[in-house]
Structure formats: structure tokens, C-alpha cells
Amino acid sequence: MRKQGEFGYGALDDSDQPFLAADSEEKQFLGLMEKASSSIQRINSNVSSIERSVRQIGTPTDSANLRNRITSVLEEVHQYVSRTQNNIKQLKELARNLNKEHRLQEERITNQFMETVQRVSAIQKKVANQMKSFPNLPKPSFNSTDVLLGLSRKTTQPEEEVGFSSGMDAQVQKQSDAAGYDLNLLEERQRQVRDIEEKIVDVNEIFRDLSTMVMEQGDMIDSIEANVERGGDNVEQAREELQKAEIYQRKARRKQVCIAITLVIVVLIIILILYLTVLK
């Protein structure tokens, strides 16, 4: 049935709707493919950056800023992994209704993503192990000139006990503040390690989900192929049955012809006998 098109121009046919739906699914599929591919590239780039940075943990170039930057990039990677997993799920759903070429594209991007997820899991474990192995940051180096000047002031001004006492109090306060600062840094690093370990569990779960989806898809394909093979076997069997039926039908026709000929001969003989009898 044809319907009037929008603004009264042209017409729309109901039979065109499946083609429009297929075209829409293909566009959605290609858009998701582009997103997934871009995300995988971004993840791999960030992982490469972390691999370079993690080598500095435990070295003189190690710092709180370095570790914060690593954990920040890991957080971004985790977000991209979760987002890409959802894209892959949508791609698998769409690929079922599209042609073989699209299914092959989906399989390739899924395999690429699984390899990337494994790489993410490996770098997460490496970062966590490095931070556990080197919980303390390198101590800042002291200026020897300042130390000597401090000692000279103490030796040349022993009589200024009040000033000396206040200086000692300030030094103790600074040491206390430094100890508190170090404790806060240690707690922060422990929290970072816990966060990384939680994300390791999440990424491993994502990899298991992907593996399950791939296995289920493989089983589905095997089932379809088996059904096709069974269908082919059934067609072949039906062909053989038809051939047998055709042979039986030919034999039946021959029998019918033979019976008909026999009946005709019998009738002719009877007619001949009756005719001869009448002549006598």
C-alpha cells in the first residue's frame, strides 16, 4: 500500500520500510565502529604513556605528581574501556541483522578490543606492583650551605638561649608537619593502589564478559551452520525420495499400460470368438 509522502510530494511504499530500517542499522553500525576504533586507539596511546611513566617509580625522578598523573590516566583508560565494551555489545546486536562483511568487521574490532583489554590489565598490575614495592617517595636533598650556616649561628650565638629555643621549637614543628605530610602522602598512595586493584577486577570482568560473548556467538554460528547442513541433508534426502517416487510412478504406469493392453487383447479375442460362432 502506497502512502502520500511528506508535503504531498511523491509516495511511500510499505515495502520500502525494511530497506530504510536496514539502512538505518548500517549507519548506526558504522558510527559505533568508528567510536570503538577511536577509543581503542586512545586506550593504546594512554597505555603506552603509562608504560613509559611507570619506569620512573622508585627512581630519583619519582614524585607525587608522577603517581597522580599515572592514576589519572588509568582512570581515563578505565572509562574508555567501559564505554567501548558497551559499543561492542551494540555492534554484536546490529551485526546479527547485517551481512557477512559487517559481521567480519565486528569480529575484528572485538578481537582488537580484547587484546587492548589484556594490555590494560597488564599495565594496571604493573603500576600496582611498582607502587607497592616503592611506597615511599625519594627524600629531597638538603642544601649543605644552609646546614653549615645554621650550625655557625648556633656556635657563634650560644648566649641567645631564648632565640635558640624558639628556633628549636620551629624546627620541631616543621619536622612534625613534615611527618604529617608524609603520612598523608602514604595514605594517598595506599588509596591509589586500592583504586587500581579495584579497576583490575573490573577490567578482568569485562574481559570475561567479552570472552563469553565471543563463545556464545561462536556457538550460535556453529548452530546455524549445523542447521544449514541438516537442511542440506534434508533437501538431499527429499530429492532421493522424489527420485524413488518417480521410479515407482514409472513402474506403475508400465503396469497400467500392460494391464490395459492385456484387457484389449482379451476383449478382441472374445469378440472374435463370438463373431466366429455367429457365422457357423
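## Ring interactions

In this predicted model, the charged end of Arg83 is placed over the ring of Tyr80, at 4.9 Å from the ring centre.

## Nonpolar core

In soluble globular proteins, nonpolar side chains tend to be buried together. Here the largest nonpolar core consists of 38 residues. Within this core, the residues with the most contacts are Ile43, Val81, Leu91, Phe113, Val127 and Leu210. At least two core residues come from each of the helices α1 (17–54), α2 (64–95), α3 (100–133) and α5 (161–279). The most is given by α2, which supplies 11 residues.

Leu91 is one of the residues with the most contacts inside the core. When neighbours within four places in sequence are left aside, Leu91 is in contact with Phe29, Leu32, Met33, Ala36, Glu106 and Ile109.

## Thr71

Thr71 belongs to helix α2. Is Thr71 buried or exposed? Its relative accessibility is 19%; the cut-off for buried is under 20%, so Thr71 counts as buried.

A polar atom of the Thr71 side chain lies 2.9 Å from the backbone oxygen of Asn68. Apart from neighbours within four places in sequence, the residues in contact with Thr71 are Met131, Gln192 and Ile196.

Terms used: Residues numbered from 1 in each chain as written. Predicted model: local features only at pLDDT ≥ 70, side-chain atom pairs only at ≥ 80, totals over all residues. Heavy atoms only, no water. Lys NZ or Arg CZ within 6 Å of the ring centre and 35° of its normal. Core = buried A, V, L, I, M, F, W, Y, C linked by side-chain atoms within 4.5 Å. Buried < 20%, exposed > 50% of the residue type's maximum accessible area, 1.4 Å probe, protein only. Helix = DSSP H or I, 4+ residues; strand = E, 2+ residues; numbered from the N terminus. Contact = heavy atoms within 4.5 Å. Polar contact = N/O pair within 3.5 Å; in protein donor to acceptor, adjacent residues only side chain to side chain.
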